[in-house]
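Dear colleague,

Please read them alongside the model.

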Amino acid sequence: MKRSLMARLWPNATALVLFVVFTFPVYWMFATSLKPTGDIIADTPVFVPTDITFDHFKKALDADHFWTLVGNSLTVTVLAVAFSLVIGLLASFALARMRFKGRRGFLLTFMIAQMAPWEVMVIAIYMIVRDADLLNSLVPLTAFYMVMVLPFTILTLRGYVAAVPKELEESAMVDGCTRRQAFVKVIFPLLAPGLMATSLFGFITAWNEFPLVLILNKDAEKQTLPLWLSSFETTFGDDWGATMAAASLFAIPILVLFVYLQRKAVSGLTSGAVKG
């Protein structure tokens, strides 16, 4: 009985410690955004704000180009995720269901692309965009964000397509469906968890990306929110209250999306990782 109790206690205690460790930075960010400046720079940390102020949020919302940059971030992120899902879904279906020459090499290429840091290509990317006269444009950002998340999308969705019994597709084709109709009516509805997982990963990756926009987009109105976070400075240094408020506003879409999709996303990641 005692051994059984200890066997249940240790995993729960470990989970609780990990929960505190990983959520405390998020809590501290939101708590700091609500503190007066005096509490933020005080020698003794104020863990629970009692004198709450929203002045830092007002300063962040009133910052130059804020709503323009919100639109820019949403545009490049949503388009990059949408394009990667469409291309990745078609490619993953071909890799999971069809046998063709060079298939293994094709898969290996995507695995290598997923492992290789894209930062090594920054100079080449800049030269390509400059020569194409697309600096200070959202088009190259969207294209490169899509390329960044596409390998993961293809590899994950391939595993999930392979997990769908092939007999379901064959039964639909026996009943008169074409291969395209069988895919749309039978396979596609079963891929929702995998699509949720890959879209969440793609959204986080594109939403948080910082170096590329710093290099390609010098125009303040053509930048995205990650670069905007570095703009809260005063003559005495960083304005931490406004910075934390801005970071909180920046994190809200990710948190909302994760809470909404987290169950299906976890299912999709595990299924795509172990099957196929």
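In what follows, buried means under 20% relative accessible area, exposed means over 50%, and partly exposed lies in between (1.4 Å probe, protein chains only). The model is a predicted one, in which local features need pLDDT of at least 70 and side-chain atom pairs count only at pLDDT 80 or more, while totals for chains, interfaces and linings use all residues. Residues are numbered from 1 along each chain as its sequence is written, and side-chain values use heavy atoms, with hydrogens and water left out.

Taking a salt bridge as a side-chain nitrogen of Lys or Arg within 4 Å of a carboxyl oxygen of Asp or Glu, the count comes to 3. In one of them Arg-130 pairs with Asp-131, with the closest N and O atoms 3.3 Å apart; Asp-131 is exposed because its relative accessible area is 59%, whereas Arg-130, at 40%, is partly exposed. Another joins Lys-58 to Asp-62 at 3.0 Å between the closest N and O atoms, and here Lys-58 is exposed at 53% relative accessibility, as is Asp-62 at 51%.

The salt bridge between Lys-59 and Asp-239 has an N to O distance of 2.4 Å. This pair links distant parts of the chain, 180 residues apart, with Lys-59 in helix α3 (residues 55-61) and Asp-239 in the loop between β2 (237-238) and α13 (240-274); helices (H or I, at least four residues) and strands (E, at least two) are DSSP runs, numbered from the N terminus. Asp-239 counts as buried because its relative accessibility is 13%, while Lys-59 is partly exposed at 39%.

With regards
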